[in-house]
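Today I open my notebook on salt bridges. I want to know who pairs with whom, and where.

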Amino acid sequence: MKVVVQRVKEASVTVGNHLTGAINQGLLLLVGIHVDDTPEQLTWMCEKILKLRVFEDEDDKMNCSVSDIGGAILVVSQFTLYGDAKKGTRPSYIQAARPEKAKPMYEAMIQYFKDHSDLDIQTGKFGAMMDVKLVNDGPVTLILEK
């Protein structure tokens with residue numbers, strides 16, 4: 001599992017002309033599911049994200065998590081995180097999980113955040129062509145992989 005975590009001032013996802021999710025201060029997560037990912041890896045990743053200290057405290061040190069600040073999370077599926085362009089110029093996506101595995105894991109991640117936090121959890125639309133807008137705060141961008 002690979003997740004690009006971006007600290008944002010605001011972010012939104014639109015499919016066609018329909019807004020599917022929007023947040024103010026919080027985390028935008030671009031989530032890639034690997035063919036070999038397990039529920040244990042999903043749990044580890046979700047716990048890591050909820051506790052990740054990337055927001056400033058009163059001393060301007062990154063000591064606060066999204067949970068500490070009462071922020072929000074916008075979860076967007078992105079199989080292209082497992083694109084491999086080592087050979088040629090057209091990426092191969094054979095390491096990305098097929099939709100029948102990836103969609104339930106994506107939905108399980110969303111449900112984990114809802115069950116284990118009081119945060120506003122917003123989403124994109126799995127498998128759709130999405131327009132993602134964000135104002136990166138910092139910028140702070142991390143890549144987590146498990």
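I started with E56. The model is predicted. E56 is partly exposed, because its relative accessibility is 36%, which falls between the 20% and 50% cut-offs.

Next I looked up the partner of E56. I found a salt bridge between E56 and R7. Their closest N and O atoms are 3.0 Å apart. R7 sits in strand β1, residues 2-15, and E56 in strand β4, residues 55-56, so this pair ties together parts that are 49 residues apart in sequence.

Is R7 buried or exposed? I checked. R7 has a relative accessible area of 4%, so R7 is buried.

Which other residue forms a salt bridge with R7? I found D137. Here the closest N and O atoms are 3.4 Å apart. D137 belongs to strand β8, residues 131-145, and R7 to strand β1, so the pair joins parts that lie 130 residues apart in sequence. I noted that D137 is buried, and R7 is too.

R7, E56 and D137 are linked in a network of salt bridges. R7 bonds to E56 and also to D137.

One more pair went into the notebook. E100 forms a salt bridge with R98. Their closest N and O atoms are 3.4 Å apart. Are E100 and R98 buried or exposed? Both are exposed.

Last, I took the tally. How many salt bridges does the count give? I wrote down 3.

How values were computed
Residues are numbered from 1 along each chain as its sequence is written. This is a predicted model: local features need pLDDT of at least 70, side-chain atom pairs count only at pLDDT 80 or more; totals for chains, interfaces and linings use all residues. Side-chain values use heavy atoms; hydrogens and water are left out. A salt bridge is a side-chain nitrogen of Lys or Arg within 4 Å of a carboxyl oxygen of Asp or Glu. Helices (H or I, at least four residues) and strands (E, at least two) are DSSP runs, numbered from the N terminus. Buried means under 20% relative accessible area, exposed over 50%, partly exposed in between (1.4 Å probe, protein chains only).
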